[in-house]
Amino acid sequence: MENIKISFSPKQKHLDEIAEWMLEDKKIPITSNGNWPSISYAFKNKNLVIATYKNKTVGFYTLSKPDLTIAIGVAEVDPNYRNKGIGKLMLQEIIKKYAEHPKCSNEDRILPVLSNQKMNSYLKEIGDICGIKKDITFH
């Protein structure tokens with residue numbers, strides 16, 4: 001599909017359009033959709049990537065960016081625009097955006113990733129704060 005635009009700074013209009021087509025697709029209130037809190041949270045924290053076609057929001061990815069790691073959370077394309085390469089295009093733009101990130105270029109990675117050691121360190125810190133006495137590890 002030509003004329004697909006990817007944006008890393010969507011507006012409220014885009015979030016409303018996502019809600020509209022998700023409601024049409026799922027036939028349930030948007031607040032009952034298990035992914036909606038993640039989507040709205042990503043929007044509020046400027047971690048929502050959208051695809052538009054002819055000024056209509058047709059897809060999105062949510063990103064979480066704690067510290068130096070980027071994770072893709074929820075990804076969806078409007079049912080009317082699926083199987084047209086939009087999800088792939090969004091992913092390619094995300095990869096391109098972070099290609100020069102030091103955690104990518106220095107470690108030959110597509111997206112920045114925390115080491116198991118760093119992740120376990122964070123989990124231990126969270127466990128200490130929460131008063132969890134057992135060892136918590138990621139792997």
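Which residue in β3 does Ala51 stand opposite? The answer is Gly59. Before going on, note that this is a predicted model.

That pair belongs to the sheet, and the strands concerned are β2, residues 48–53, and β3, residues 56–64. The two run antiparallel and are joined by six bridges.

Now the whole sheet. It is open and has four strands in the order β1-β2-β3-β4, with antiparallel pairing. At the edges stand β1 (4–7) and β4 (71–77), and each has a single partner strand, so one side of each has no neighbour in the sheet. On average, and ignoring direction, neighbouring strands are turned by 15 degrees against each other.

Next, what packs on the sheet. Helix α2, residues 36–44, does so, with contacts to β2, β3 and β4. The direction of α2 makes about 85 degrees with that of β3. Helix α3 also packs on the sheet, touching β1, β2, β3 and β4. For α3, the angle to the direction of β3 is about 45 degrees.

Let me stay with α3. This helix covers residues 86–98, which is 13 residues. From first C-alpha to last, α3 reaches 19 Å, close to the 18 Å expected at 1.5 Å a residue.

Which residues of α3 are buried? They are Ile86, Met90, Ile94 and Tyr98. Seen down the axis of α3, these buried residues fall within an arc of 100 degrees, so they line one face of the helix.

Technical notes:
Residues numbered from 1 in each chain as written. Predicted model: local features only at pLDDT ≥ 70, side-chain atom pairs only at ≥ 80, totals over all residues. Heavy atoms only, no water. Expected span 1.5 Å × (residues − 1). Buried < 20%, exposed > 50% of the residue type's maximum accessible area, 1.4 Å probe, protein only. Arc of directions from axis to C-beta. Pairing = 2+ DSSP bridges. Axes fitted to C-alpha atoms, helices over the stretch in contact; angles between N-to-C directions. Contact = heavy atoms within 4.5 Å.
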